[in-house]
Amino acid sequence: MVACAYCERPLICDGCQGPYAPPSPEQYEALSRPESMITCPRCSQVLICHWCKTPYDGEAEEEADAPGSAGS
Ligand SMILES: [Zn+2]
Ligand SMILES: [Zn+2]
(Lines give C-alpha, C1' and ligand atoms only; values in the text may rest on other atoms or scores of the structure.)
(Ligands and ions follow the chains in the order given, each with its own letter.)
Protein backbone atom coordinates (compact mmCIF):
# COMPACT_ATOMS: atom_id res chain seq x y z
CA MET A 1 0.00 0.00 0.00
CA VAL A 2 1.27 3.42 -0.93
CA ALA A 3 0.68 6.38 1.36
CA CYS A 4 -0.32 9.81 0.12
CA ALA A 5 2.61 12.21 0.32
CA TYR A 6 0.30 14.94 1.62
CA CYS A 7 -2.11 13.36 4.08
CA GLU A 8 -0.30 10.05 4.63
CA ARG A 9 -3.44 8.01 4.23
CA PRO A 10 -3.56 5.03 1.85
CA LEU A 11 -3.41 6.54 -1.60
CA ILE A 12 -6.64 6.02 -3.51
CA CYS A 13 -7.30 7.48 -6.93
CA ASP A 14 -10.27 9.81 -6.78
CA GLY A 15 -11.02 9.18 -10.43
CA CYS A 16 -11.63 5.45 -10.27
CA GLN A 17 -11.74 4.95 -6.50
CA GLY A 18 -9.02 2.33 -6.76
CA PRO A 19 -5.85 2.05 -4.70
CA TYR A 20 -2.91 3.49 -6.55
CA ALA A 21 -0.11 1.06 -7.24
CA PRO A 22 3.00 2.53 -8.84
CA PRO A 23 3.84 0.58 -12.00
CA SER A 24 7.56 1.12 -11.55
CA PRO A 25 10.10 2.08 -8.87
CA GLU A 26 10.50 5.38 -10.68
CA GLN A 27 6.80 6.10 -10.25
CA TYR A 28 7.01 5.17 -6.62
CA GLU A 29 9.82 7.64 -6.04
CA ALA A 30 7.97 10.29 -8.02
CA LEU A 31 5.26 10.25 -5.37
CA SER A 32 7.52 12.08 -2.97
CA ARG A 33 8.50 14.66 -5.57
CA PRO A 34 5.88 17.37 -5.90
CA GLU A 35 7.31 18.50 -9.23
CA SER A 36 6.60 15.22 -11.02
CA MET A 37 3.20 14.53 -12.52
CA ILE A 38 1.61 11.17 -11.78
CA THR A 39 -1.21 9.61 -13.72
CA CYS A 40 -3.32 6.68 -12.61
CA PRO A 41 -2.54 3.51 -14.59
CA ARG A 42 -6.19 2.44 -14.34
CA CYS A 43 -8.10 5.48 -15.53
CA SER A 44 -5.22 7.43 -17.13
CA GLN A 45 -6.22 10.60 -15.35
CA VAL A 46 -3.99 12.75 -13.21
CA LEU A 47 -3.86 11.08 -9.86
CA ILE A 48 -5.90 12.88 -7.21
CA CYS A 49 -5.85 11.73 -3.63
CA HIS A 50 -9.30 10.54 -2.63
CA TRP A 51 -8.86 11.84 0.93
CA CYS A 52 -7.23 15.25 0.68
CA LYS A 53 -8.11 15.91 -2.99
CA THR A 54 -4.56 16.91 -3.76
CA PRO A 55 -3.76 16.47 -7.44
CA TYR A 56 -0.39 14.95 -8.32
CA ASP A 57 -0.13 17.18 -11.34
CA GLY A 58 3.45 18.28 -10.90
CA GLU A 59 2.51 21.72 -9.68
CA ALA A 60 3.49 21.99 -6.05
CA GLU A 61 1.25 24.11 -3.96
CA GLU A 62 3.14 27.14 -2.88
CA GLU A 63 1.90 30.22 -1.19
CA ALA A 64 4.08 32.38 -3.31
CA ASP A 65 2.86 35.82 -4.10
CA ALA A 66 2.16 36.33 -7.75
CA PRO A 67 5.12 38.04 -9.34
CA GLY A 68 4.38 41.19 -11.24
CA SER A 69 0.61 41.37 -10.83
CA ALA A 70 0.64 42.09 -7.12
CA GLY A 71 0.27 45.59 -5.77
CA SER A 72 -2.29 48.36 -6.05
ZN1 LIG B 1 -3.91 12.69 0.44
ZN1 LIG C 1 -7.71 6.07 -11.37
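Residue Y28 is located in helix α1, which spans residues 25-30. Helices are DSSP runs of H or I with at least four residues, strands are runs of E with at least two, and both are numbered from the N terminus. The secondary structure of the protein amounts to 1 helix and 0 strands. The structure is a predicted model, in which local features need pLDDT of at least 70, side-chain atom pairs count only at pLDDT 80 or more, and totals for chains, interfaces and linings use all residues. Residues are numbered from 1 along each chain as its sequence is written, while chains are lettered from A and ligands numbered from 1 in the order in which they are written.

Exposure was assigned from C-beta atoms placed from the backbone: a residue is buried if 20 or more other C-beta atoms lie within 10 Å of its own, exposed if 12 or fewer, and partly exposed in between. By this criterion, 14% of the 72 residues of the protein are buried. Two residues are in contact if their C-beta atoms, placed from the backbone, lie within 7 Å. Among the contacts in the protein with a separation of 6 or more, 46% join residues 24 or more positions apart.

The largest nonpolar core has 8 residues, namely L11, I12, C13, Y20, I38, L47, C49 and Y56. A nonpolar core is a set of buried Ala, Val, Leu, Ile, Met, Phe, Trp, Tyr and Cys residues joined through C-beta atoms within 7 Å. In soluble globular proteins, nonpolar side chains tend to be buried together. For C49, a member of this core, the contacts beyond four places in sequence are C4, Y6, C7, L11, D14 and T54. One of these contacts, L11, is also listed in the core.

The C-alpha atom of Y28 is 8.3 Å from that of V2, a residue 26 positions away along the chain.

E8 is exposed because it has 10 C-beta neighbours inside 10 Å. For Q17, the count of C-beta neighbours inside 10 Å is 10, so this residue is classed as exposed.

Several residues were examined in the segment after α1. R33 is situated there and is partly exposed, as 13 other C-beta atoms lie within 10 Å. Between R33 and Y56, 23 residues apart along the chain, the C-alpha separation is 9.3 Å. S36 is in the segment after α1 as well, and its 15 other C-beta atoms within 10 Å make it partly exposed. From S36 to Y56, 20 residues apart along the chain, the C-alpha distance is 7.5 Å. Apart from neighbours within four places in sequence, S36 contacts A30 and G58.

Q45 also falls in the segment after α1. With 13 C-beta neighbours inside 10 Å, Q45 is partly exposed. Its contacts, not counting residues up to four places away in sequence, are G15, T39 and C40. Q45 and C16 are separated by 29 residues in sequence and by 9.0 Å between C-alpha atoms.
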